[in-house]
Amino acid sequence: MGLFGSSSRARRGDRESEARLSSHPAEPEVSELTAELVAGLQDETERALAIYRWVREEIAFGFTPRADHATPTETLRFRKGHSNPQATLFMSMLRAAGIEARQHFVTVSHELVHGIFPSSALPPRFINHSHVELKLGGEWISVDGYVLDSAYQRHAVALLKEEGRAVGYSAHIDGAMDWDGRGACMAQLASEDMVVVDHGSFEDPEAFYAGPDYRHDFSELCLVMFGEFAAKPANERIESIRRTGRP
């Protein structure tokens, strides 16, 4: 399966899909919000689009003290998240709406986050990144356009054009955000050549985080340090870009 294409794997039956959804129940706050967003929407694509648009505009791009391990409920309460916790939230909301979804992890260069972190808190050369694959009309579709809110993405892409860069500020110069529910929509991982290692799809992100390919494992002390010395200054730069177009 290509990152952005339809799955070549055999389609699973409806009963197995229902069992998979029920084995990952959404947290109560996530279920309640999702029910409000999709109320009256019978078509699964319309339900997916309603959730997508809400996450894109109501969950600001940024970093929280919980890093990758923020639960969907924590991400809702922070109203903020980067690729991995936002993917987990989006996946959880889709499942709460009866749509099969999973999280696809890759390793990418830290060039993706160029310009966000201060020199004292630069990430390692390679970082873990993820997006969501959801099943609509029997086909798997890759999406990450929900991660960057519109105001931030617009200014980030302008900065990339000004600097002559394809990737940076957690954006891609050719990234897309206006998803129609019919094909891939990638704002960050907009080019397959960004992928250093493809780790595949996971129904539970914690299964990836517990494995040998996860690069960002934090102790509680490290989470505190990350929040104070990396997340805080990164969020200040992100907010400056969102408001003024400058880091």
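Here are some notes on this predicted model, point by point.

1. **Ground rules.** Residues are numbered from 1 along each chain as its sequence is written. Because this is a predicted model, local features need pLDDT of at least 70 and side-chain atom pairs count only at pLDDT 80 or more, while totals for chains, interfaces and linings use all residues; side-chain values use heavy atoms, with hydrogens and water left out.

2. **The whole chain.** The protein chain has eight helices and eight strands; these are DSSP runs numbered from the N terminus, with helices being H or I of at least four residues and strands E of at least two. Of its 247 residues, 51% are buried. Here buried means under 20% relative accessible area, exposed over 50%, and partly exposed in between (1.4 Å probe, protein chains only). Take the contacts with a separation of 6 or more: 70% of them join residues 24 or more positions apart. A contact means heavy atoms within 4.5 Å.

3. **Helix α2, a helix with two sides.** Look at residues 28-38, which form α2. V30, L33, T34 and V38 are buried there. Why might residues three or four places apart point the same way? P28, E32 and E36 are exposed, on the face turned away from the buried side. What do the buried residues of α2 pack against? They pack against α3 (44-58), α4 (72-78) and α5. Just after α2, G40 has a positive phi of about 85 degrees.

4. **Where α2 meets α5.** Helix α5 covers residues 83-96, and the two helices pack at about 65 degrees with axes 9 Å apart. Axes are lines fitted to C-alpha atoms, for helices over the stretch in contact, and angles run from 0 to 180 degrees between N-to-C directions. On the α2 side the contact uses V30, S31, L33, T34 and L37, and on the α5 side L89, S92, M93 and A96. That makes six nonpolar, three polar and no charged residues. For the classes, Ala, Val, Leu, Ile, Met, Phe, Trp, Tyr, Cys and Pro are nonpolar, Asp, Glu, Lys and Arg charged, and the others, Gly among them, polar.

5. **α5 itself.** This one is mostly covered, with 13 of its 14 residues buried. G98 follows α5 and has a positive phi near 85 degrees.

6. **Helix α6.** Y152, Q153, A156, V157, L159 and L160 are buried, and they fall within an arc of 155 degrees, so they line one face of α6. R154, K161 and E162 are exposed on the other side.

7. Most residues other than glycine have a negative phi. R79, in the loop between α4 and β2 (80-81), has a positive phi near 55 degrees. S170 has a positive phi near 65 degrees. Is S170 buried or exposed? At 3% relative accessibility, S170 counts as buried, whereas R79 is partly exposed at 39%.

Key: The arc is that of the directions from the helix axis to the C-beta atoms.
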